[in-house]
There are 2 protein chains.
Amino acid sequence: MVEHVDIGNLARRAIERCERLARYSEDPPRVRRTFLSPPTRAVHHTVGQWMAEAGMTVRVDGMGNLIGAFEGAPTAGKPESLPVPFRVLIGSHLDSVPNAGKFDGILGVMLGLAVVEAVRERRLAIGIDVAGFSEEEGVRFATPYLGSKAFVGQVDEAMLGLRDADGVSVAEAVRAFGLDPTLRSAPPEYVAYLEAHIEQGPVLESLDRPIGIVTGISGQSRRRVRFVGRAAHAGTTPMNLRRDALAAAAEWVGRVESSAIGVSGAVATVGSLQVSPGASNVVAGEVTASLDVRHVEDATRVRLCEEILGSGASIARARGLVLEVVGGSEHATVPMDSRLQQTLMRAAGADVPTLASGGGHDAAILAPVIPSCMLFVRSPGGVSHHPDEAVLPGDVERALEVMVRFVERLAADYNPPAAQPRKD
Amino acid sequence: MVEHVDIGNLARRAIERCERLARYSEDPPRVRRTFLSPPTRAVHHTVGQWMAEAGMTVRVDGMGNLIGAFEGAPTAGKPESLPVPFRVLIGSHLDSVPNAGKFDGILGVMLGLAVVEAVRERRLAIGIDVAGFSEEEGVRFATPYLGSKAFVGQVDEAMLGLRDADGVSVAEAVRAFGLDPTLRSAPPEYVAYLEAHIEQGPVLESLDRPIGIVTGISGQSRRRVRFVGRAAHAGTTPMNLRRDALAAAAEWVGRVESSAIGVSGAVATVGSLQVSPGASNVVAGEVTASLDVRHVEDATRVRLCEEILGSGASIARARGLVLEVVGGSEHATVPMDSRLQQTLMRAAGADVPTLASGGGHDAAILAPVIPSCMLFVRSPGGVSHHPDEAVLPGDVERALEVMVRFVERLAADYNPPAAQPRKD
């Protein structure tokens, strides 16, 4: 069935569209498109036009999500009018981080559009909505997922009241864009949400595979810790009489790394570290550091985080310092729908590697409400959130092929009570 | 001889004077007295008055150093008029770091004054100059020792042209203070320079000793190094595929510490460390760190610094990173005069611990020109450059007693050709 259209051409066009949309930026030639920034309007206009040309009806909702709707067609043995819930949602996000690449998020939207283009001439018994979520990265309001949260009815007054660096609230930003930030109550109904996204990591490349099926979006344990020692003169304080906060923190950073290496599938990162007073001739008195621990199994992650914090406390104690945990958060793993993972696997026709997503995605917000699945596309060099972010055309073609077959299978699997021939 | 005066009273008065002078600050109640700042004038006035009351003639030189001169007296068998060079210089500095303590530098000046007060009623065959150097800390012009360098004739046009944060040059600051920044050519001649200073470290306290004799001012090797790895997503980049600059730097910080511990008398410090991009969810791509290595033996210090940099390069290589050395400087050790160290030891009458000074002092500038020695006074808690900086009255009394006996011994040792009775 896929043979009816040239998937390769559609995939290449999806890539070209990503490259074209990268020009709509707050900060050209760098890519930077934060929540409802002026270039978002151009993106909505252009993508909306492409959606319309593909036979979709287009709307922008009250949080700036761009939604294109393609109606399913009645087929033999199926009812004339498909019940409303029998629709699939395909999408990802249209916003970007500062100095971004061209594919993070937007590729998933362009592939959703390409799926519609691939099947539009056929009469699949399923409706297809393509969503371009307006805010996933969380740059403007330091809060990610505003778009997908609004889409599933999770926007509340507190979220609308968040303010950006200029003091503009979410509600004000929405109104300034010409939209009405009404709170949505009922989440939409879909049989599935499919999100294609670049992997943003090096796993598929290291396996030499074009695509992967995501098993879940890993939970995260985040902490801020502070090693409190005693600042001292770097010249006059002998090594054995120091309580060096940086030496302690450094020992701990090594322990964070070795502990994570010891747990299959885990990652643990100290990415931020501040030294006080931070002068070359003063022994550090205080070091504040971040900790980010992720694993697709919640219990494993929590255990690893505890082990790492325990190491920090032991290191501090042994050196006459104190370790304070000054903040943190816990996010549970969001598993992807297992039935949909199997559908993806059958759609792929061959064995496709499965992997957990270490990064967060809109699918993490949609999954509790809509059965959700994700397809990762290999990231050359594992690079993301960087101008060097790239995709390989053959990988995108493979992803599109699997996405089209996935939608065909959903349509073919459709066998609701309404399919019984009517008597009248 | 010391018995003639109450050394304990003079020591207590020296401490009280330090506490009183601490009120002359740019930033009360914190102590902050940078080069020729307005409170310096009040310090000059007050200390100058005390000097005059002790029978000294007072002057302020072209770099703002306050000098009090006490003339020696002829004694039996010695000439009526002492030759000019037969003078001893005692002093330290009157400026301070921001948020300073009350004793760093200024104690050495007050003890010089107390020595004059202790011996003034006797007729010692030696002149005593007391110097309050105007700039040792280097806060205002980011260049230490302006005062002592000017005193020994090492001020050049480049130094006078240095500018502070407000764009004011050294020459302009000197003129604004009402002085003439003429360059001095010939260094002054003294038989000895004696500087008493708080230790600013915990060694004497750990030995439970009130004072120590300084063997030399340790040389320093300073470097800035940069570990260059690859920034990556903290969630999507498996541990084995990272080139984490912070993990590498942390391993190196541990090696800096263990290498220094392995060399007796050495200290090595990483006191400053910047992580880029420095976000909690991004693996560090680059870390810049400082290195400060000190040892009283130059060859030992240079060898240790090389070993530490070699470790860094190995660690970087093993992790697929690059280590760049982006800056640095070398300062050789300045030994204190060995004969004067013996004179101090004899003046002390008992065995006094000897130790290297890890910090820099005016004596490091004077030593190449004038035979120099230093006495350290115990620093409770090893604290310095901090409001908690303190001294114990008994320790100051012991220091003063040794200083007075040191000057008496210099005077007693005076036996120049001119001592032969004149015939006329």
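**Fold, interface and local geometry of a predicted two-chain model**

Of the 424 residues of chain A, 56% count as buried; a residue is buried if 20 or more other C-beta atoms lie within 10 Å of its own, exposed if 12 or fewer, and partly exposed in between, with C-beta atoms placed from the backbone. The model is predicted, so local features need pLDDT of at least 70 and side-chain atom pairs count only at pLDDT 80 or more, while totals for chains, interfaces and linings use all residues. Residues are numbered from 1 along each chain as its sequence is written, and chains are lettered from A and ligands numbered from 1 in the order in which they are written.

Chain A holds 12 helices and 16 strands. These are DSSP runs, numbered from the N terminus: helices are H or I of at least four residues, strands are E of at least two. The C-alpha trace of chain A spans about 95 × 45 × 40 Å along its principal axes. Among contacts in chain A with a separation of 6 or more, 77% join residues 24 or more positions apart. Two residues are in contact if their C-beta atoms, placed from the backbone, lie within 7 Å.

Chain A is divided into domain 1 (2-217 + 333-419) and domain 2 (219-331). Domain bounds come from an automatic or database domain assignment. The C-alpha centres of the two domains of chain A lie 38 Å apart. Their contact takes five residues from domain 1 and seven residues from domain 2. On the domain 1 side, one residue is nonpolar, four are polar and none is charged. Here Ala, Val, Leu, Ile, Met, Phe, Trp, Tyr, Cys and Pro count as nonpolar, Asp, Glu, Lys and Arg as charged, and the others, Gly among them, as polar.

A rotation of 180 degrees with 0.2 Å of shift along its axis superposes chain A on chain B, with an RMSD of 0.2 Å. That is the relation of a two-fold axis. Copies are superposed by least squares on the C-alpha atoms of residues with pLDDT of at least 70 in both. In chain A, the C-alpha of A250(A) is nearest the axis, at 2.1 Å. The same surface serves both copies, as 100% of the contact residues of chain A recur in chain B.

The largest nonpolar core has 101 residues, of which A14(B), L107(B), V115(B), L400(B), M403(B) and V407(B) touch the most other members. A nonpolar core is a set of buried Ala, Val, Leu, Ile, Met, Phe, Trp, Tyr and Cys residues joined through C-beta atoms within 7 Å. Helix α3 (residues 106-119) of chain B supplies the largest share of this core, 11 residues. Beyond its neighbours within four places in sequence, A14(B) is in contact with L107(B), M110(B), L111(B), A114(B), V396(B) and L400(B). Another core lies apart, with 98 residues, among them F103(A), L146(A), I370(A) and M374(A).

Several backbone features stand out. Most residues other than glycine have a negative phi, and most peptide bonds are trans. The bond from P28(A) to P29(A) is cis, with omega near 5 degrees. P29(A) sits in the loop between α1 (7-21) and α2 (38-53) of chain A. A cis peptide bond also joins S276(B) and P277(B), with omega about 0 degrees. P277(B) is in the loop between β10 (273-276) and β11 (282-283) of chain B. N99(A) is not a glycine, yet has a positive phi of about 50 degrees. It lies in the loop between β3 (87-93) and α3 (106-119) of chain A. N99(A) is partly exposed, with 13 other C-beta atoms within 10 Å.

E389(A) occupies the loop between β16 (372-377) and α12 (393-413) of chain A. With 23 C-beta neighbours inside 10 Å, E389(A) counts as buried. Leaving aside neighbours within four places in sequence, its contacts are G101(A), K102(A), F103(A), D104(A), I198(A), V383(A) and S384(A). E389(A) and Q200(A) are 189 residues apart in sequence but 8.3 Å apart in space, C-alpha to C-alpha.
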